[in-house]
Amino acid sequence: MGSAAYEKIHELNEMGLNLAFRTRPGGYYPPHWHEVMEIIFPLNGDAIINIEGAEHPLLKRQATVVAPRQVHSTRCSSAVGMFLSVHISESMLEKYMPDIELYRIRCYADEVTEAQRPAYTEICEKLDEVIRLYIGDLAAADMESEGLILQVLALLIRHFSVKTADIPLDQVDALTRERLIELISWVDERYPEPLSTVDAADLLGLSVEYFCRFFRKNMNTTFLQYVNEVRATHVYHDLIDTDLSVADIAERNGFTNQKLFNRVFKTIYGRTPSSVRTGGEGKIQGDRPGL
């Protein structure tokens, strides 16, 4: 989840699956969304995921499911986060849940009931087995791993499917979700440019006053703070992936005030941009390839 807004998942196989072991820097990843369902299985660290305004812990060796088109962000207090990420296409979900539009798979570690606990434990055990297969580099590991994910999906459908009508009313409604998706996609396309609250309010056809209340309520921050957080995540990856100067990277990602840039970056990543560039505690390897 290195960049904000819409995240396109490119590497789904013919079944509609993608399994990957990812290593990401700690810190904040702004709200984004994707068309596929995602199962997140942390291997270390201490993190929080915010899904449509509700916070849930991302616990080690505990599965969390993000439904298609759910706006979500993460914050990790560890220097490096490692996790198994499984993406499942909507077409694959529809194959096993023809009436999927009436349901949502709702599976968060902190909401598992006593009745769901045995199934949840089995899900986590199967995901642990996927990790064992990957580490062992065993023959036919891909085939066996895909079989395990199908079993995980069956358990999720059987024990964690919730009728949309039964989801608490305080969750984000359809209109709000559409507005948020439109807005964060727009920011991701234009974050290097000067962006104002007036521009964002005009995009959604709202008054500035109403927009500010709407944004803070659903994103738990101000619009301009959010834009700078998006810019900072792009800066981080440019620091690792390019040889441009820190000043040039900041400017090309929309920061025109050096003092503001340094403050935002330090707040999110807990270190200076130069410490990342010099191979300090924040510099890590990129995502490991999937299965």
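Start at Arg 61, which counts as partly exposed at 31% relative accessibility. The model is predicted.

**Stop 1: Arg 61.** Select the loop between β5 (54-58) and β6 (64-66); Arg 61 is found there. Now check the backbone. Phi of Arg 61 is near 60°, a positive value in a residue other than glycine. For context, most residues other than glycine have a negative phi.

**Stop 2: Arg 69.** Move along to the loop between β6 and β7 (72-88), where Arg 69 lies. Arg 69 is not a glycine, yet its phi is positive, at about 65°.

**Stop 3: the α4 and α6 pair.** Select helix α4 (residues 174-190) and helix α6 (residues 208-219). Two packed helices are described by the angle between their axes and the distance between the axes. Here the packing angle is about 95°, and the axes of α4 and α6 are 12 Å apart. Angles of 65 to 115 degrees count as roughly perpendicular, and α4 and α6 are therefore roughly perpendicular to each other.

Next, show side chains at the contact. Which residues make it?

- From α4: Thr 176, Arg 179, Leu 180, Leu 183 and Ile 184.
- From α6: Tyr 210, Phe 211, Phe 214, Phe 215, Asn 218 and Met 219.

Finish by colouring these residues by class. The contact of α4 with α6 has eight nonpolar, two polar and one charged residues.

How values were computed: Residues numbered from 1 in each chain as written. Predicted model: local features only at pLDDT ≥ 70, side-chain atom pairs only at ≥ 80, totals over all residues. Heavy atoms only, no water. Axes fitted to C-alpha atoms, helices over the stretch in contact; angles between N-to-C directions. Helix = DSSP H or I, 4+ residues; strand = E, 2+ residues; numbered from the N terminus. Parallel < 35°, antiparallel > 145°, perpendicular 65-115°, else oblique. Contact = heavy atoms within 4.5 Å. Nonpolar A, V, L, I, M, F, W, Y, C, P; charged D, E, K, R; others polar. Buried < 20%, exposed > 50% of the residue type's maximum accessible area, 1.4 Å probe, protein only.
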